[in-house]
Amino acid sequence: MKPIDVLIIGAGPAGLATAIRLKQKFNKAKSTASVVVIEKAAKPGYHNLSGAVIETACLDELLPGWRAADPAFAAELMPVKRDEMYFLTAKAAFQIPELLVPGGMHHKNDSLISVSRLVDWLAKAARKEGVEIQSGFSAASLIWDKDAVKGVRLVDCGLDARRQPKPNFLKGEDVLAKVTVLADGPRGVLSREYVARVKGNINPQVYSIGIKQVFKVPVGHDFGTNRVLHTLGFPNRPDVFGGSFFYSMGTEYIAAGLILGLDWKYTDLNPQQEFELLKTHPLIARFLKDAVPVAAGARTIPEGGFYSIPKLWTEGALLVGDAAGLVNMEKIKGIHYAIFSGMAAADAIVDGSISATALGAYKDNLEARGVLKDMRHARNFRQVFQWGVFMGAPLSQIQSLIPVRLGLHQDHSQTLKGAALKRDIKPAIDRATFAALSGTTHREDEPSHLIINDTSVCQRCRQELSSPCAVFCPTEVYRWKEDGVNISASNCVHCGTCAIKCPFQNITWTPPEGGQGPRYKNM
Ligand code: SF4
Ligand code: SF4
């Protein structure tokens with residue numbers, strides 16, 4: 001079979017921006033070069049979740065005139081007019097004066113958006129340019145020829161729970177491409193394989209989990225519109241990195257979430273229940289009075305920053321967006337970096353020939369667009385919070401002046417310290433309801449996509465650390481039964497937390513058949 005010219009894995013903001021820019025360039029040059037996007041979700045947007053606040057200059061550059069071309073979509077992006085940050089104690093809220101909020105954390109004039117809606121819209125724009133988007137296909141691994149990437153192998157479909165072929169069995173195809181762009185999100189299966197082989201990052205990548213819910217609120221509710229509110233403090237202990245966000249979505253909805261650095265040491269920390277605890281705070285409870293949760297989900301965020309970025313290209317492959325770790329925690333944003341990185345990658349592919357040296361222009365393009373400059377500025381931001389919020393918050397103001405690189409520990413290593421929070425929470429919604437609100441589905445008789453490598457390690461983990469996976473998974477996929485860990489893979493929302501946080505690195509997250517997992521429509 002003739003190789004595809006450019007194959008993109010993942011139809012998120014980064015992958016679709018790459019595809020759109022490529023096709024625009026090919027169309028202009030009257031080239032019929034093929035651009036194919038493979039997406040594991042049933043529909044573009046279903047696996048995308050973010051706050052989200054976006055700087056729209058990236059859309060202006062990618063699709064000039066987009067506001068006039070689609071006024072209905074443009075109206076969905078609400079400009080931020082109120083931008084506040086609070087420090088919460090258990091009962092009180094203190095607004096942090098604007099002057100003390102780091103420059104990158106100001107959001108006035110940015111826009112509020114649902115990233116799943118944005119992706120749905122970008123996918124339509126990509127198809128209009130002639131991009132082929134194949135949804136519902138999972139990629140299992142990269143195809144290598146020495147150190148060059150030659151394409152991807154798709155997941156086998158139609159296996160039963162014992163991995164035996166059913167009558168509809170379909171062997172995973174090899175899809176060959178001249179260039180493969182990895183846009184498969186934070187710790188995506190293929191980008192993980194790429195990074196393990198190509199390396200190049202100085203610090204390990206670290207992650208947080210973001211738990212998000214969308215609430216329908218009565219018209220004229222207290223929170224108001226065009227508003228962004230962030231909090232630090234409660235319910236997080238001072239040694240747990242993170243904070244919450246509350247964004248208005250039009251007049252009837254609020255997007256709310258809690259972000260927690262996965263380097264917490266507590267074996268009984270349950271992110272979904274921490275979010276429930278946050279909802280009981282007087283300030284938050286007021287905003288969420290009479291609010292009804294209509295959607296829920298979770299995902300991980302790569303937050304290591306500049307020193308955790310791996311080598312961005314190798315022969316035949318490039319990394320873009322979250323897969324490359326292009327998230328700036330100082331700004332609490334990544335979508336515009338994802339889109340800019342897609343454009344930078346497309347420019348490198350079209351303007352160069354397909355070799356490692358030519359794709360190296362990608363890094364220069366990221367520099368030219370200011371992406372790496374911003375990442376470099378925030379280079380020690382996440383690290384200073386390893387010493388707790390009371391040290392981290394003031395140090396974060398001057399982190400760019402620290403003359404040396406600060407290191408990071410892999411998230412799972414901190415769990416081995418084995419402390420306990422001992423919360424007594426009565427959640428308004430439990431983890432099963434949370435999973436239901438994500439719309440996640442998996443075929444019940446397929447093999448589990450979550451694999452425990454060595455069950456004897458779990459016995460030791462149970463004794464020493466009380467099996468943290470039974471607590472930290474936001475949808476209660478793991479439960480301890482008498483003889484070991486029981487897995488309900490059908491509830492998985494593909495957040496990736498378990499493979500990162502298991503203290504003994506005993507979980508392998510493999511891609512299930514395409515078309516499964518969450519179905520986010522307004523996350
Ligand atoms: Fe512990 Fe990991 Fe086993 Fe869960 S899967 S019991 S966290 S070793
Ligand atoms: Fe997330 Fe793992 Fe739970 Fe799935 S099983 S929802 S990837 S923590």
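Buried area is the accessible area, with a 1.4 Å probe, that two parts lose on being put together, summed over both. The tour starts at an interface described in those terms, in a predicted model.

**Stop 1: the domains.** Colour the protein by its division: domain 1 is 4-65 + 117-201 + 309-369, domain 2 is 79-113 + 205-302, and domain 3 is 414-509. Then keep domain 2 and domain 3 in view. Their centres, taken over C-alpha atoms, are separated by 24 Å. The contact draws 30 residues from domain 2 and 29 residues from domain 3.

**Stop 2: the area between domain 2 and domain 3.** The size of an interface is often given as the accessible area lost when the parts come together. Here domain 2 and domain 3 bury about 2,700 Å² between them, and carbon and sulfur atoms carry 64% of that. Select T267, D268 and Q272 next. In domain 2 these residues lose the most area to domain 3, and together they make up 23% of what that side buries.

**Stop 3: polar pairs across the interface.** Domain 2 and domain 3 share 13 residue pairs in polar contact, counting pairs with both residues at pLDDT 80 or more. The salt bridge count between the two domains is 1. Show the side chains of E274 and R423, which meet in a salt bridge with an N to O distance of 2.7 Å.

Now highlight β14 (207-216), α7 (271-278) and β18 (292-302). Each of these elements supplies at least two residues of the side of domain 2 that touches domain 3. The largest share of that side comes from β18, with 8 residues. By residue class, the side of domain 2 that touches domain 3 divides into 15 nonpolar, 7 polar and 8 charged.

**Stop 4: K422.** Move to the loop between α15 (411-415) and α16 (431-438), where K422 is placed. K422 is not a glycine, yet its phi is positive, at about 55°. Most residues other than glycine have a negative phi, and most peptide bonds are trans.

**Stop 5: K43 and D120.** The salt bridge count comes to 34. One to select is the pair K43 and D120, whose closest N and O atoms are 3.2 Å apart. K43 sits in the loop between β2 (35-39) and β3 (53-54), D120 sits in helix α5 (residues 115-129), and the pair links distant parts of the chain, 77 residues apart. Side chains of opposite charge can pair when their charged atoms come close.

**Stop 6: two cis peptide bonds.** Stay with the loop between β2 and β3, which also contains A52. The peptide bond from G51 to A52 is cis, with omega near 5°. For the other stop of this kind, go to the loop between β15 (227-233) and β16 (242-249), where P235 is found. Which geometry does the peptide bond from F234 to P235 have, cis or trans? That bond, from F234 to P235, is cis, with omega near 5°.

Key:
Residues numbered from 1 in each chain as written. Chains lettered and ligands numbered in written order. Predicted model: local features only at pLDDT ≥ 70, side-chain atom pairs only at ≥ 80, totals over all residues. Heavy atoms only, no water. Domains from an automatic or database assignment. Contact = heavy atoms within 4.5 Å. Salt bridge = Lys/Arg side-chain N within 4 Å of Asp/Glu carboxyl O. Polar contact = N/O pair within 3.5 Å; in protein donor to acceptor, adjacent residues only side chain to side chain. Helix = DSSP H or I, 4+ residues; strand = E, 2+ residues; numbered from the N terminus. Nonpolar A, V, L, I, M, F, W, Y, C, P; charged D, E, K, R; others polar.
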